[in-house]
Amino acid sequence: MRRIMKEQTTKERILEAAEELMLERGFHSVGLKQILDAVKVPKGSFYHYFKSKEQFGVEMLKHYLGAITVWKRQKLLCPEAEPDPLKRLFAYLDNSIGRVQQTPGRFPCLALKLASELSELSAEMCREIATGFQDWIDIYQQVLDEAVAAQQLPETLDTASEAQFIQDFWSGAVKRAVVNRSEEPVRHAVNRIKERISSLAA
């Protein structure tokens, strides 16, 4: 999804243009000229902000993952919008099916797209992706902890393990959805996650 900004700097425009291109083609398949042409800035502007393409990749991931993490927090950890934590979680998971459906044969998430290229990425870029995934797992754990506190789930539930299960099961389903060019694997994963959590309800 796109992030809404009041006013973008040239650096932000470069980062977001690259995110769109790399979501479609991958990190190593996109050249600097393609990125700069998309935002209509000269090549010198790139090196004003970034020392190398690798350092640019790290900053791009920080930019993307930071924005998506904020978005996930808004969707999953906002009791003002929906007081019931499990309804929040289930609605979020249901909406993920639609996001995959809108991009058949493509990753709906840049982090998952680049994670499929890990062997070709720098160690620092891999660390950024790993950190982003852990942040998302932590958000899932927080919403599950809310459900435990609300006595919707048993207090003995290992919410950290369940949060990892949600992230890993959903991520794997997305990869298969891309290969199959169908949202069905994600639909199946979402239904299984919801069934699993519902079966644990106190």
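I started at Arg-88, which sits in helix H5 (residues 85-101). Helices here are DSSP runs of H or I with at least four residues, numbered from the N terminus. The model is predicted: local features need pLDDT of at least 70, side-chain atom pairs count only at pLDDT 80 or more, and totals for chains, interfaces and linings use all residues. Residues are numbered from 1 along each chain as its sequence is written, and side-chain values use heavy atoms, leaving out hydrogens and water.

Is Arg-88 buried or exposed? I found it buried, with a relative accessible area of 4%; buried means under 20%, with a 1.4 Å probe and protein chains only.

Next I looked at its surroundings. A polar atom of the Arg-88 side chain lies 2.6 Å from the backbone oxygen of Glu-82. Leaving aside neighbours within four places in sequence, Arg-88 is in contact (heavy atoms within 4.5 Å) with residues including Lys-75, Cys-78, Glu-82, Val-143 and Glu-146.

I then turned to helix pairs. Two packed helices are described by the angle and the distance between their axes. The axes of H5 and helix H7 (residues 123-149) come within 8 Å and cross at roughly 145 degrees. Axes are lines fitted to C-alpha atoms over the stretch in contact, and angles run from 0 to 180 degrees between N-to-C directions.

Last, I checked helix H1 (residues 10-25) and helix H2 (residues 32-39), whose axes come within 9 Å and cross at roughly 125 degrees. Among the residues in that contact are Ile-14 and Leu-21 of H1 and Ile-35 and Val-39 of H2.

Conventions: Helix = DSSP H or I, 4+ residues; strand = E, 2+ residues; numbered from the N terminus. Buried < 20%, exposed > 50% of the residue type's maximum accessible area, 1.4 Å probe, protein only. Polar contact = N/O pair within 3.5 Å; in protein donor to acceptor, adjacent residues only side chain to side chain.
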